Amino acid sequence: MLNFKNIALRRGVRVLFDHASFTIHKGQKVGFTGANGAGKSSLFALVRGELHLDEGDFSMPPGLEIAHVAQETPATDCSAIDYVIDGDQELRRLQKQLFIAEQNDDGLKQAELHAALETIGGYTAQARASRLMSGLGFTADQETNAVNSFSGGWRMRLNLAQALMCRSDVLLLDEPTNHLDLDAVIWLQDWLCKYPGTLLLISHDRDFLDTITDHIVHIEQNKAEIYTGNYSAFERMRAEKLAQQQSSYLKQQREIAHMQSFVDRFKAQATKARQAQSRIKALERMELIAQAHVDSPFDFSFAKPGKMPNPLLTLDKVDIGYDQTCVIKQAGLSISPGDRIGLLGPNGAGKSSLIKVLAGDMQPLSGKRNEAEALKIGYFAQHQLEQLRIDESPLWHLQQLDKQATEKDLRNFLGGFDFRGDKVMEAVKPFSGGEKARLVLALLVYQNPNLLLLDEPTNHLDLEMRHALSVALQDYEGAIVVVSHDRHLLRSVTDQLLLVSGGKVQPFDGDLDDYRVWLTEQKKGEEKTVVDSAQTVSRKDQRKLDAERRLKHKPLFDALKKAEIAVEKYHNEQRQLEHQLADPAIYAESEKEQLKKLMERKVKVDKALDDAEAAWMEAEEKIEAVK
């Protein structure tokens, strides 16, 4: 257990929290919430032994294996999969000792180490690392690429995979979803639900916290308090504490009105019924949740757009891609005022490319992009954070948009995004990622667009800012197209889902739960056939189709079966050899020649097993691809 007793942490003269007492038991999954700078990451540093308490006592059992995600990635040229396997430090330690034993021709030590490797699953480490990388969005081809060939966001995914590779007792994850897309978030969520150790998780993703955690530690007003249950349960309990603050209801009226309007309009339509039901459920708990956000530092809204031509923007038979490599073919899309579109689809399918073409930041390979004369786009993407003038202030940035506005009015506007007092005059350079994202959003809101294009707008934003953004977007009268891994934002803001997959952009008939099922089926390689309701396929015809498919891909299945047989054969022989090498009698002087033969055979079998496993994985990947 991790025991925190009357602890206090300070940053200079500022108290993060004091007199905090709570216990985290073995196997619990605990979410840490609170405003940016409240002290969540400092608590993690304390657990890792990188920070000392100012007061109180922290204790945990000795010898715990603690894993966390490194914030920096060395510019190494080792392969990505080797870098991930490095996360299993015990495996690497045993491998190093085995190498030394082999150099010293120490057969007994080698036998001991082979047995230890077998016990910890060392011979399946590569397959385990490969599964982690696949879940986080890496392709099989990328496994052998050098670490230094990946961009910053993908290196962070490698760091995450390395932390998951560690067979840890305690796992610390600080904003693990920031550099992930929705597919990887869903995969990671499932992985963490099955994680057998103790999990400490900092996240601003409400759905992520809800699904994984069984306790919440919330830090506010210099206090850290533990709540039993997931994030929604915490919100309800906290809301009850704030129930006297009736003004919370006023803040929620626009959100309730928008959601009720959606329910009234679409509850009778079969294609929208499930989405309407999700809003009915949200409305049922809206008032209590509203209370939990009454002290939010954010208060902003979108003004009504000046002109609203219809349609705002259309794509006509557009091909989208890079360097003549087409990722989306013949896309057709018409965006009208009031449209609220969420884009779904696997990593690399072209969602961000589609957003860029809509924004005019990227030209289509073919086809036409037609925009209305009065179109005014508000485009949010991560690269725009880098376009801020780092030596200038938030006030300066806003003044460039409106030279006539008074400083008082601009300060009041920035205050809604929690830029107050001297903060509005400070240079942007030292701002956190969350502060820069808030400033870019403030600039976007101020320009009063009639079409919002949002590509992962919630990255780096805390829960309160995400809540304020979703409320503002629900009251926005223009059109919205959004890509986000934040499922709560997608549920509360969008009315229509489009699936970008297989080179196509088409309506997705279902909600986010259906999309999760769709993803699972895709990963299993199962075909999802859409058949017109009037058509049926007889059992005889289906058997014929299945037989033709099996015949066509028979060489692949034969290769897979052959590889499986080889893996089983060499694995059994490897175990027999290890058993023989574990017998002390084999190391007698009279058995020296026999020992030499066994060791030589062991080396060959190890190599043959590695080759067979590689062939097995390659055959599986080819079968997945044709499926």
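Predicted model: local features only at pLDDT ≥ 70, side-chain atom pairs only at ≥ 80, totals over all residues.
Residues are numbered from 1 along each chain as its sequence is written, and side-chain values use heavy atoms, without hydrogens and water.

Helices (H or I, at least four residues) and strands (E, at least two) are DSSP runs numbered from the N terminus. Helix α16 covers residues 433-446, and its 14 residues should span 20 Å at 1.5 Å a residue, which agrees with the 20 Å between its end C-alpha atoms; the expected span is 1.5 Å times one less than the number of residues. Among the buried residues of α16 are Glu435, Arg438, Leu441 and Leu444. Their cover includes β14 (377-380), α14 (394-401), α15 (407-415), β15 (451-455) and α17 (463-474). Just after α16, Asn448 has a positive phi of about 55 degrees.

Strand β8 (residues 215-220) is also mostly covered: 5 of its 6 residues are buried. Two strands pair if DSSP finds at least two bridges between them. Strand β3 (residues 29-34) runs parallel to β8 over 5 bridges, and Thr33 has His218 of β8 as its bridge partner. With strand β9 (residues 223-228), β8 pairs in the antiparallel sense over 6 bridges; here Ile219 stands opposite Ala224 of β9. The hairpin of β8 and β9 has 2 residues between the strands, and Gln221 takes a positive phi near 50 degrees.

Note on methods. Buried < 20%, exposed > 50% of the residue type's maximum accessible area, 1.4 Å probe, protein only. Contact = heavy atoms within 4.5 Å.
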